[in-house]
Each structure stands twice: as C-alpha cells, then as structure tokens.
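Colleague: Please take a close look at one strand in this model. Then tell me about the side-chain contacts elsewhere in the chain.

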Amino acid sequence: MKSVFRGRAVSRLPSVVTAVVAALTVSVVVVPTAAAQDGPRVVGVRDLSPTHSVVDVYSPAMDKVVSNDVLRPRGGGAAPTLYLLNGALGNEDGVGWINNSGAVGFFADKAVNVVLPIGGRLSFYTDWLADDALIGRNKWQTYLTAELPAVMDRHLGSTRRNAVAGVSMSGGPALDLAVQAPGLYRAAASLSGCPASSHPLAQAAISVMIGGALTNPFAMWGAPGAPGWTQHDPAQNAHRLRGTAVYAASASGMPGPVDDIPAGSLFPVGGAAVEAMVNVCTGLFADAVRAAGVPATISMRDHGSHSWALFEDELRDAWYSTIAPALGTR
C-alpha cells in the first residue's frame, strides 16, 4: 500500500546502507571558448521520430555541448515543459528514463514537452565549487536554470510554464533547483531521491557514492559540514518551496509487487539498501515541509526497492497528483 499525505512523515527504516557507483566516462563535444560570446543556443538537432529528437545545446557555463532527449506532444502546438532528470550516471551509459522505463509511451498522449538532459553523472545537478580532474566542470544548476529553459522556450515555442522532476541521484537536486531558482518551476518532484542532503548519513552516502567513482566529493559543496551542504538541502530550505507544487516519493526498500521482480530472482540487496536510505531522507523532508507549513504530496510506500518499475509508478503518481495540475495540462 502507498501512504500519501500532505506534510506529515510516516515510519521509516532506521538503518542505512550505501552503494558505490562504478566510474564511467563519456566523450563530449567541446566548443571553442570564443563561442561563449554567443550565449547558450541549439547547435544540432537529430530527429529520432516525429515526436522524439535529440537537441544539442551549447552551455557557456560548462563550455561544452550537452545533448538533451526531447519529447514533444503528438498534436504539436504550444505546451508546458517538464525537465525530467536521469539518475546517477546521467544516461551517459544508456541507463535512464528513455531506455529503462515506459516514459516515452506514458507521455505520448500528454500535452507537455519533456526535456531529458544527457550527462552530469554523479554531479547532483548542482554548481560545483571546483572543477574535477576526471569529470571537468560541473555547472549544472546554471545550465538547467539559466541556460536551457530559455533555449528550449525558443526552440519548442513553449508556454513557458515549467516543472522539474528527478530520480534517485537527481531527486533531491530537482527540489533544490526549485529552491535555487524561485519562480522558474511551477512544480518539483523527487522520485526515490534524497531531499535531506545535509543529514550526516546522507552526507556520508553521497560522499561515498561520488568518491567511489574516483571523483573528489569535496569539490561539490565542500567537506561534509560545509555551508554548501545546507544551502542545497531541500529539507533545510523547505520554506523556500512555498508557492511551488511539491511531490516527494520513496519506499521502505523491501521488494514488493510494484518492483515487478521475476520469480526466482535474487533479493535485490543493493536496491533495497539505497531505497531504505532515500526513505529516511524523504521522511526528514516530509517533517520539514510540515514544520514550514508548505503543502506537499509525500508518498512513502511500505514496499518497493530501488527499481525502474517503482520509479515509473512514482512518476505517474507525481504527474497526475502534482505536475499536470500545476502546469495546467493533462
């Protein structure tokens, strides 16, 4: 059963186990620095179907081209835009909403543009304090809030009504983007993410996750306990989400029917551990929005591990309960 409530926490697992993500690299197209004078812009479009294209956008903040999957409504016309973020490796390894979920089919009959950036592995979609020797410059907050929306508004002829949602690694950051760019998003959703990043257990888990990929975790917000961790913690800044339609979901980590695990499969130890951790984060966030008097839809399930089937179900729930009404679409 799913527990849906507004601004009130339910019981959550006391134990936390972290998972280490393996390092993957991806080549990017780098634009000469001089091109930055022209500002962010579309530099290439590849149509994969009448409603699905890959749009390449130059980011002056990161001085590189970022590819973005873009889904458009079948009927065309002006529509709002949902920025849907991928998980830990940013779909650089081909693992994301497009290939591992039914998102394309789900949005096929929806009156909305869906923009899914490709890249940003282990970046937490934030502006890092320092460049990293392995992955270079992370200025994803700037890209997602100050560069990409204006470019997409022009390219798609959108209604300029925006929402943002993230899964797993990008769940908490989706809410943080709404905190950092007030008024940009009408709705923000965390799907099996950690919207309480400054909690000591979350800081440890995030640092292990980034460090496990041979990347310096302290280049992001500083060492654990530094001000940046609190500044980018949605739970610590819940009051700044007032006026935004908020959704956050997680599950206990105990597998259930929602995970659609084939009979005879091994117990998903890693997924169960990660989901248990983000369940703690989501409970802390629920307490925070309740204390701040900020309306929010919180879904904390008794069963569900860190699976794409769970993520899909959370996305559907977030769409119908929160995102679509806030965007004024269906």
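Predicted model: local features only at pLDDT ≥ 70, side-chain atom pairs only at ≥ 80, totals over all residues.

Modeller: Strand 5 covers residues 81-85 and is mostly covered, with 5 of its 5 residues buried.

Now its neighbours. Strand 5 pairs with strand 6 (residues 113-118) in the parallel sense, over 3 bridges. Tyrosine 83 has valine 115 as its bridge partner in strand 6. Strand 5 also pairs with strand 7 (residues 162-167), again in the parallel sense, over 5 bridges. There, leucine 82 has alanine 163 as its bridge partner.

Next, the charged pairs. The model has 8 salt bridges. One of them joins lysine 110 and aspartate 109, at 2.7 Å from N to O. Lysine 110 has a relative accessible area of 8%, so lysine 110 is buried. Aspartate 109 has 45%, so aspartate 109 is partly exposed. Lysine 110 has a further contact: its charged end sits over the ring of phenylalanine 106, 4.0 Å from the ring centre. Phenylalanine 106 in turn belongs to a cluster, where ring pairs link Phe106, Phe107, Trp319 and Tyr320.

A salt bridge also forms between the side chains of arginine 137 and aspartate 131, at 3.0 Å from N to O. Arginine 137 is partly exposed because its relative accessibility is 40%. Aspartate 131 is partly exposed too, at 43%.

Aspartate 153 and arginine 160 meet in a salt bridge at 3.4 Å, N to O. Aspartate 153 is at 8% relative accessibility and therefore counts as buried. Arginine 160 is at 56% and therefore counts as exposed. Elsewhere, salt bridges link Arg301, Glu312, Asp313 and Arg316 in a network.

Then the rings. There are 8 aromatic pairs. In one of them, the rings of tryptophan 97 and tryptophan 308 have centres 5.2 Å apart and planes at 80°, so the pair is edge-to-face. This pair links distant parts of the chain: tryptophan 97 is in helix 1 (residues 97-100), tryptophan 308 is in helix 9 (residues 308-327), and they are 211 residues apart. Tryptophan 97 is buried, at 0% relative accessible area.

Tryptophan 140 and tyrosine 143 form an aromatic pair that is edge-to-face, with 5.6 Å centre to centre and 85° between the planes. Both lie in helix 3 (residues 140-156), 3 residues apart, about one turn of the helix. Tryptophan 140 and tyrosine 143 are both buried.

Last, the surface. Met254, Phe267 and Val269 make a nonpolar surface patch of about 320 Å². Phenylalanine 267 is found in the loop between strand 9 (245-251) and helix 8 (269-292). Its relative accessibility is 48%, so phenylalanine 267 counts as partly exposed.

To return to your strand: strand 5 has 5 of its 5 residues buried. Its parallel partners are strand 6, over 3 bridges, and strand 7, over 5 bridges.

Methods. Residues numbered from 1 in each chain as written. Heavy atoms only, no water. Patch = residues over 30% accessible without salt bridge, like charges linked within 9 Å, V, L, I, M, F, W, Y side chains within 5 Å. Areas by Shrake-Rupley, 256 points an atom, 1.4 Å probe, with all protein chains shown as cover. Salt bridge = Lys/Arg side-chain N within 4 Å of Asp/Glu carboxyl O. Helix = DSSP H or I, 4+ residues; strand = E, 2+ residues; numbered from the N terminus. Buried < 20%, exposed > 50% of the residue type's maximum accessible area, 1.4 Å probe, protein only. Pairing = 2+ DSSP bridges. Phe/Tyr/Trp six-rings, centres within 6.5 Å; stacked < 30°, edge-to-face > 60°. Lys NZ or Arg CZ within 6 Å of the ring centre and 35° of its normal.
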